[in-house]
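Hi,

Here is the model I promised to pass on.

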Amino acid sequence: MFIKHATLYHLVMPLKEPFKTSYGVMKDKHLCIIKIVSSEGLEGYGELDAFSAPWYTEETTHTASLIIKDHLLPMLKNINLTNPHQVSEVFQVIRGNEMAKAAVETAVWDVFSKMASQPLTTYLGGKLSDISVGVSIGIKETPDELVRVVSGYVSEGYSRVKLKIKPGFDVEQVEQVRRSFPELSLMVDANSAYKKSDIAALKKLDQYNLAMIEQPFGVTDFVNHAWLQQQIKTPICLDENIRSLADAKQAAELNSARAINIKIARVGGLTEAIKIAAFCYENDMIAWCGGMFEAGIGRAHNIALASRTEFTFPGDISASNRYFARDIITEEFSIKNGKITTPVGLGIGVEIDRTSLDFYCKRREYIVLT
Ligand code: OSB
Ligand code: MG
């Protein structure tokens, strides 16, 4: 299969509500949809899930779209792709830029699964027909407000709740949510906001039967995470640290974590994501699928990945209506009993809603490869 041409749709999608993390407040999601067309005329879709500013990783939607246009797509010119894993091999000579790579790579997976006349779920080796999902909740002004918000999501059927925390917005919040929901599968995500000197607060969080504490320390720090894991019983989960299988191996070797949040965008695509999931499975680490405020295309890729049996913990994969007033696909993913049903159509199994895409699209670029 050759890629003949590609279209990049640059979208700005306002979030229904601002989302606050330890990094700051986000009001809208900047993303690109990439459509590739194969020599056989099949279309594949990928989603570039970076942000408008480089707070989570170094990439932004803008820098990543330049890397896609100037480097990644040209590398695939005149290359006869025989399987989707080849893409990550070709991209290996480009350092970093995982989100840019993932956008292109996931679109190629979509084409290959359509060529095989299979849903991407099946093509990726997924066995689950519905997947357990959770919701990630931003930092709120008061614990009372947080409890109200959690309560809303619990009644919508989410089977696991993740609270964003930062120093000073942690123990009291968790205490109150835990008191209101003693049985809830609850976890926290610090997005690297803590230091070794915050050990007292982290030890307090260890008392609340949390499923895990995600990324307390710095984004390249394996040593202090290991130091913390020795002192708390709650599993540490790494997010920002893990960009590749090699990072996952390092975390396992040093006992820096017992869980890994696997995001397709952060690890450069589905090939690497599957390798990390398999590694977690073999090494008794919890693997689960993280989120990046995906729109419908990215969500479909996440659902396909999370249908593999290594994903034993509910992902940050929410219903279509979680972040956006209107999605860019015609299908609606909803939560039933804490689960989302995997699509059965070929490839990613969802259709672009053209009107909605046009509504959010600020600019489009057409790139010819052959
Ligand atoms: O740290 O997991 C994170 C969103 C954007 C960037 C980083 C993170 C998150 C979330 C929300 O926690 C995940 C989602 O619901 O898509
Ligand atoms: Mg995280």
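A word on terms before the notes: I call two residues in contact when they have heavy atoms within 4.5 Å. This is a predicted model, where local features need pLDDT of at least 70 and side-chain atom pairs count only at pLDDT 80 or more, while totals for chains, interfaces and linings use all residues. Residues are numbered from 1 along each chain as its sequence is written, chains are lettered from A and ligands numbered from 1 in the order in which they are written, and side-chain values use heavy atoms, with hydrogens and water left out.

The metal site is the place to start. The magnesium ion (ligand 2) is coordinated by Asp189 (OD), Glu214 (OE) and Asp239 (OD), at 2.0 to 2.3 Å. Donors here are N, O and S atoms within 2.8 Å of the metal (3.2 Å for Na, K and Ca); water is not among the atoms, so sites may look incomplete. Along the chain, the magnesium donors follow the spacing D-x24-E-x24-D. Asp189 sits in strand 7 and Glu214 in strand 8 (residues 213–214), so this pair ties together parts that are 25 residues apart in sequence. Strands are DSSP runs of E, at least two residues long, and helices are runs of H or I, at least four, all numbered from the N terminus.

UniProt has an unreviewed entry that puts the feature "binding site" at Asp189, Glu214 and Asp239. These three span 51 residues in sequence, yet no two of their C-alpha atoms are more than 9.1 Å apart, so they gather at one spot. Bear in mind that UniProt positions are given in the numbering used here, feature names are shortened, and annotations may be inferred rather than shown by experiment.

Leaving out residues up to four places away in sequence, Asp189 touches Lys162, Leu163, Lys164, Ile165, Glu214, Gln215 and Asp239. With Lys164, the side chain of Asp189 makes a polar contact of 2.8 Å; that term means a pair of N or O atoms within 3.5 Å, where within protein one must be able to donate a hydrogen and the other to accept it, and residues adjacent in sequence count only if both atoms are side-chain atoms.

Asp239 is in the loop between strand 9 (236–238) and helix 9 (245–254), and is buried too, at 1%. Its side chain makes a polar contact with that of Tyr56 (2.5 Å).

Cheers

Technical notes:
Buried means under 20% relative accessible area, exposed over 50%, partly exposed in between (1.4 Å probe, protein chains only).
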